[in-house]
Amino acid sequence: MFFNKKSFLKSEIIKLANEGFINKEQEKAIFGFYHFDENSDFPLLITLAFVFIGLSLLTLVAYNWEQIPNILKTFLLLATLFATHLGIFYSKNSIFQQGFGILSGFVLLANIALLSQIYHLGEDTALAFLSVGCVVLFLALILKSFSVFITGYLLTSVWYFLSFDNHSIHLFICLILLGIIVQSGILFCLSLNAARFLAFLNFVFLNLYLYNFQGNNLNLSTFAWLSLIILGFHLKSYQSYAFFALALTFIAISYDANHLFLSISSISLSALLILLGAINLYFKHYFLGILTISLLLIGNYSNLYPTNAIILKGFYSFFTFLLGIHFIKENHKILGLLTFSLLIVIRYLDLLGDYIGASVVFLCFGLGLLLFARRKNA
C-alpha cells in the first residue's frame, strides 16, 4: 500500500474510533490486519521534507564555508548535530522523531567528513559510513523506526561497497543477520511492504557478501546454491527472489557453460546440499530434491573431469526448462514464461543457421509444454 493511501486509511480508522463507530479492540484488530499500528506511520512527503531541509542547510553553509573560522565551523557542526538529537528526544510526534533520526545520520556523516578535513585527521570514507550507519541502526532500535533503520542499513552497505576488496569485512554478515531479524518483526512491527522491501535488501546483500567471500569467482555458484538453500528450507519471504536468481543463473550457464559452471567450494557445502536434497525428497518436494542432488553431482564431476561444453549446455537447458514448468506450477507464471522465452532465444542463437537443430529444439519445447498443460487441465 502506498504511503498516501496508508496514511489516509489510518486517519479514517482513527476518526471512526474517535466518533464511536468502532471500539478500541476493533481499531487494533484492523491495524493488525493491515500490518501497521497507529505509531508506525511515516509519510513520504514528510521524509522528503526533512531531506530537503537538510540539503538546504548544507548548501547554505557550503556557500560560506571558506570564510568561516575553524572554531566557528566546529561549533556549527556540533551544534547542528546536538539540535537534531534534541529534536529526536523532545518531539512528541513520532513522525518528527523519525524525521530527526534520519536527519541526524546525515548530519553526523557531515560532521565526521568536515571535522577530519578541518583538523587534518586523515581520510577513511568507508569507516565513516560504517560508524554513522552503526549509530543510526542503534538509534532505529531505540525509536523502533523502520525508516531510520533503513537509513542506517543503507549507510552500512555503502561501507561494504567501498571496502569490497578488503577481506576483513566479515562484520557485514552480522549486519545482514540484524536485517533478517528486523525483517521477521521480532524487534518492532513492520508493514507488509516494509518487510518485503527489507527482505529484498537482505537477499541482495547476502548474495553480494557470499560472492565476495568466495573470492569473486564468476561461476555463479553462490547465487544458485543460496537460492536452492532458501527454497529447500521454504523461507517464504525470500522465495520469489530465490526463484528469480536461480532462473537467471540457469539461463546464464545455458549460454556459457564453460566459464559459468556451478562448482562446489567446500566439503561442508556439499554435505549441506546432500542433506537438503534428502530432506526435500523425504517431504515429497521431488523437483527441488532431484535438482539439488543432480546439480551437486554434475558440479563435482565438472570439477574433477573436463566436460564437453555442449553436454553441459544441454544438461542445464533441460533443467532450465523443468524450472520454468516448476515456476508455472508454483503460480510464478510470468517468471516461468520469461524463463522459457530467454532459453529459446539462447538456444536459437546457438543454433543460428542450423535450422534443423532449431526446429528440433522448438518442437521439444512445444511438446513439453503441451504435455504439461494437458496434465494440469486433467
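Predicted model: local features only at pLDDT ≥ 70, side-chain atom pairs only at ≥ 80, totals over all residues.
What covers the buried residues of α4? The cover includes α5 (94-118) and α6 (125-143).

**The protein as a whole**

The secondary structure comes to 16 helices and zero strands. Of the 378 residues, 43% count as buried. Among contacts between residues at least 6 apart in sequence, 63% join residues at least 24 apart. The protein exposes about 21500 Å², and carbon and sulfur atoms supply 70% of that area.

**Helix α4 and its two faces**

Helix α4 runs over residues 70-90. The buried residues of α4 are K73, T74, L77, L81, T84, G87 and I88. Looking down the helix axis, you will find these buried residues within an arc of 165°, which means that they line one face of α4. The face turned away from that buried side carries the exposed residues I71, F75, F82, F89 and Y90.

**An aromatic cluster**

Now to the rings. The structure holds 13 aromatic pairs. In the pair formed by Y160 and F172, the ring centres are 4.2 Å apart and the planes stand at 10°; since planes under 30 degrees apart count as stacked, so does this pair. The pair links distant parts of the chain, with Y160 in helix α7 (residues 146-162) and F172 in helix α8, 12 residues apart. Both Y160 and F172 are buried. Ring pairs also join these two with F149, Y153, W159, F161, F188 and F205 in a cluster.

**V182 in helix α8**

Helix α8 (residues 171-183) also contains V182. Is V182 buried or exposed? Its relative accessibility is 0%, and V182 therefore counts as buried. Leaving aside residues up to four places away in sequence, V182 touches F149, L187, F188, L190 and L198. Two of these contacts, F149 and F188, belong to the aromatic cluster described above. V182 and A199 lie 17 residues apart in sequence, and their C-alpha atoms are 9.6 Å apart in space.

Here are the two residue pairs side by side:

| V182 and A199 | 17 residues | 9.6 Å, C-alpha to C-alpha |

Definitions and conventions:
Residues numbered from 1 in each chain as written. Heavy atoms only, no water. Helix = DSSP H or I, 4+ residues; strand = E, 2+ residues; numbered from the N terminus. Expected span 1.5 Å × (residues − 1). Buried < 20%, exposed > 50% of the residue type's maximum accessible area, 1.4 Å probe, protein only. Arc of directions from axis to C-beta. Contact = heavy atoms within 4.5 Å. Areas by Shrake-Rupley, 256 points an atom, 1.4 Å probe, with all protein chains shown as cover. Phe/Tyr/Trp six-rings, centres within 6.5 Å; stacked < 30°, edge-to-face > 60°.
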